[in-house]
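Please open the model in your viewer and keep the selection panel at hand. The stops below each begin with something to select.

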Amino acid sequence: MCKKENPIPGKIIAVTNRSLCERPFFEQIKRVCETKPAALILREKDLPETEYEEMARQVLAICEEYGVICILHSYIETAKRLERQYVHLPLPLLRTCMQKTENEEKQIKFMSGNLSMDQKNKNKLILGCSVHSVEDAIEAEKLGASYLTAGHIFATDCKRGLPPRGMEFLKQVCETVNIPVYAIGGIGLNDGKIDSVCECGAAGACIMSAFMAI
């Protein structure tokens, strides 16, 4: 299947988790950005939104210094206030944010001002969505997701006790949708798994633990 153009220009997306950092968080973000991942998802969704927004301002500045795309996570009002083009949402939150106008064009309820889903708008919103089944992937694409993260693919301490969904699952998701898919879960920087997921049709991989430890 021919994929739509990938809004993330590279194979590797870093994902943050400050609880895994031994260094001060912003120092760790700089170390991550020095490796030049294609993008960084600021995933600290357990923070209250006011604290998340303050963190986001500092992380955005670091990412811009190194030319790394910063993707905000979950806090859609923060994305609006900061006028950020890239936002990653869990599927339940994507469902609640999307609506159809009378002419059936998808719109974002919370971004009727500075950002939109209008293909002609230079500030077009780039929406990522986390999926855990083929059905999730189909729904997220229909709701307007620009790319997906699918997992967890390999066993990981972040999902301890839960069996991985595996490569066959990843292949099915990649074959079913027409938007880029990034594998997530149990993938390191130098373990060969990035090449393996790409062979299944993925655009690349999301990596958390390894980036939080470099």
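The tour goes from strands to a pocket and then to some backbone details.

This is a predicted model, in which local features need pLDDT of at least 70 and side-chain atom pairs count only at pLDDT 80 or more, while totals for chains, interfaces and linings use all residues. Residues are numbered from 1 along each chain as its sequence is written, and side-chain values use heavy atoms, with hydrogens and water left out.

**Strand S7**

Select residues 126-131, which form strand S7; helices (H or I, at least four residues) and strands (E, at least two) are DSSP runs, numbered from the N terminus. Six of the six residues of S7 are buried, so this strand is largely enclosed by the rest of the structure, where buried means under 20% relative accessible area, exposed over 50%, and partly exposed in between, with a 1.4 Å probe and protein chains only. Both faces are covered, with Ile-126, Gly-128 and Ser-130 buried on one side and Leu-127, Cys-129 and Val-131 buried on the other.

His-88 has Gly-128 as its bridge partner in S7. Strand S8 (residues 147-151) also runs parallel to S7, through four bridges, and there Ala-150 is the bridge partner of Val-131.

**His-73**

Select His-73 next, which is in strand S3 (residues 69-73) and counts as buried at 3% relative accessibility. Its contacts (heavy atoms within 4.5 Å), not counting residues up to four places away in sequence, include Arg-43, Tyr-52 and His-88. The side chains of His-73 and Ser-74 are joined by a polar contact of 2.7 Å, that is, a pair of N or O atoms within 3.5 Å; within protein, one must be able to donate a hydrogen and the other to accept it, and residues adjacent in sequence count only if both atoms are side-chain atoms.

**The largest pocket**

Which residues are closest to the centre of the largest pocket? Select Arg-43, His-132, Lys-159, Ile-184 and Met-208, the closest of the 31 residues that line this pocket. S8 gives the most to the lining, with three residues. On a 1 Å grid over the protein atoms alone, a pocket is an open set of points where a 1.4 Å probe fits, with protein on both sides within 12 Å along at least five of seven lines, and lining residues have an atom within 4 Å of a point.

**Backbone details**

Select Gly-151 and His-152, which are joined by a cis peptide bond with omega of about -5 degrees; His-152 is in the loop between S8 and helix H6 (166-176).

Move to Lys-36, in the loop between helix H1 (25-34) and strand S2 (39-42), where phi is near 60 degrees, a positive value in a residue other than glycine. Lys-36 counts as exposed at 51% relative accessibility.

Finish at Glu-83, in the loop between helix H3 (76-82) and S4, which has a positive phi of about 55 degrees although it is not a glycine. At 48% relative accessibility, Glu-83 counts as partly exposed.

Note on methods
Pairing = 2+ DSSP bridges.
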